[in-house]
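Subject: Handover of a protein structure

Dear colleague,

Please find below the structure that I am handing over to you.

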Amino acid sequence: MRRFLEPPTPVLLGLTVLTLLLSISPVISWRPWPNSTTTATTAVANSSDLLFGGSKKFEGSSEFVHMKYHMGPVLTADITVHTIWYGAWQKSQKKIIREFINSISAVRSKSPSVAGWWRTVQLYTDQTGKNISRTVRLGSEKNDRFYSHGKTLTRLDIQSVIKSAVTVKSKPLPINPQSGLYLVLTADDVYVQDFCRQVCGFHYFTFPSIVGYTLPYAWVGNSAKMCPGVCAYPFAVPEYMTGLKPLKSPNGDIGVEGMISVIGHEVAELAANPLVNAWYAGQDPSFPVEIADLCEGIYGTGGGGSYTGQLMDGHDGATYNMNGIRRRFLVQWVWNHLLNYCSGPNALDQPKL
């Protein structure tokens with residue numbers, strides 16, 4: 001794996017930070033965004049557009065977009081996820097998220113499993129032919145329960161939160177650019193720039209001018225109070241989508257349930273494109289289409305647009321598509337670049353074109 005190099009001059013760094021911040025396209029999946037072209041009126045008038053419209057990216061659609069490798073590093077060493085809990089979090093919420101991350105490497109989980117889903121991510125290699133690591137484990141954690149940077153954050157503020165966590169005198173998070181991922185999770189009373197309107201989460205890498213290091217990171221917000229119908233879809237739906245009913249969540253917390261799929265989305269793309277110069281589609285790294293973007297909104301066979309695809313129902317009526325160590329989860333599929341279609345956690349669930 002290549003070393004993570006800093007920009008050559010301090011003078012250029014400020015411009016680089018500003019340019020990248022303004023130009024980088026957020027990493028998102030299909031959501032019923034409030035500023036969508038499908039308004040409340042047209043949605044009611046045309047139910048087929050409501051159910052199957054939006055992005056028009058149905059399972060396996062790669063007609064115009066091709067995943068390519070751009071020679072940058074991927075995370076081939078064992079991956080450690082360092083979590084920053086920003087704001088007030090319940091113990092039960094932390095347990096759900098921790099188990100999901102631990103389930104990525106739990107190969108003995110009941111099929112279809114989270115570990116089976118991760119096997120598609122592992123298919124991506126670096127320029128030496130080495131695959132993304134099978135091992136993803138929880139690392140150190142920091143709790144910022146007193147909202148040290150406030151309850152309204154910009155995108156750059158997220159990097160400042162990380163800086164605080166890695167430079168604090170008492171038990172700072174370890175610094176590991178080659179295999180560490182830094183996951184900032186904001187509580188349901190924290191607003192982050194563009195949250196609910198354009199993004200439910202995003203990933204990038206920290207700037208040395210802010211944090212002191214180049215570290216791959218992701219932010220994901222809890223939408224329970226602000227926009228569950230957007231970022232916790234399909235466990236909540238917007239009021240204007242009168243033809244749809246929310247699905248029952250498998251772990252009893254709609255906000256966290258919505259976060260799980262976004263966390264999976266971001267971690268998968270961080271592994272395959274940590275510095276935005278490895279695996280993505282398109283020629284412009286400022287607007288990359290990454291391995292989860294190509295499967296936006298697809299959770300099962302037949303999925304696309306606002307239709308999730310074929311899912312499983314538990315005996316308790318909860319909906320999910322894969323098993324963890326003890327819990328069940330609903331996680332978006334990812335792109336299989338060898339077969340050119342979206343892959344789920346089980347080979348039998350993978351659509352063929």
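This is a predicted model: local features need pLDDT of at least 70, side-chain atom pairs count only at pLDDT 80 or more; totals for chains, interfaces and linings use all residues.

Residues are numbered from 1 along each chain as its sequence is written, and side-chain values use heavy atoms, with hydrogens and water left out.

The whole protein

The protein has eight helices and 15 strands. Both are DSSP runs numbered from the N terminus: helices are H or I with at least four residues, and strands are E with at least two. Of its 353 residues, 55% are buried; buried means under 20% relative accessible area, exposed means over 50%, and partly exposed lies in between (1.4 Å probe, protein chains only). Among contacts (heavy atoms within 4.5 Å) with a separation of 6 or more, 75% are between residues 24 or more positions apart.

Backbone details

One joins S111 and P112, with omega about -5°, and P112 is in the loop between α4 (91-103) and α5 (114-122). The other runs from Y233 to P234, with omega near 10°; P234 is in the loop between α7 (228-231) and α8 (254-272).

Positive phi values also occur in residues other than glycine. M71 has phi near 75° and is found in the loop between β1 (67-69) and β2 (79-86). D194 has phi near 75° as well, and its place is in the loop between β6 (191-192) and β7 (201-205). Are these residues buried or exposed? M71 counts as partly exposed, because its relative accessibility is 38%. D194, with a relative accessible area of 12%, is buried.

Aromatic rings

How many aromatic pairs does the structure hold? There are 13. Rings of Phe, Tyr and Trp (its six-membered ring) pair if their centres lie within 6.5 Å; planes under 30 degrees apart count as stacked, over 60 as edge-to-face and the rest as tilted. The rings of Y86 and Y147 have centres 6.0 Å apart and planes at 90°, so this pair is edge-to-face. Because Y86 lies in strand β2 and Y147 in the loop between β3 (136-144) and β4 (152-153), the pair ties together parts that are 61 residues apart in sequence. Y86 is buried at 0% relative accessibility, and Y147 is buried at 15%.

The rings of F100 and W117 have centres 6.4 Å apart and planes at 45°, so the pair is tilted. F100 lies in helix α4 and W117 in helix α5, so this pair ties together parts 17 residues apart in sequence. F100 is buried, with a relative accessible area of 0%, and W117 is buried, with 1%. F100, W117, W118 and F329 form one aromatic cluster.

Finally, there are charges over rings. The criterion is that NZ of Lys or CZ of Arg is within 6 Å of the ring centre and within 35 degrees of the ring normal. K151 lies over the face of Y147, 4.6 Å from the ring centre. R328 lies over the face of Y320, 5.2 Å from the ring centre.

Yours sincerely
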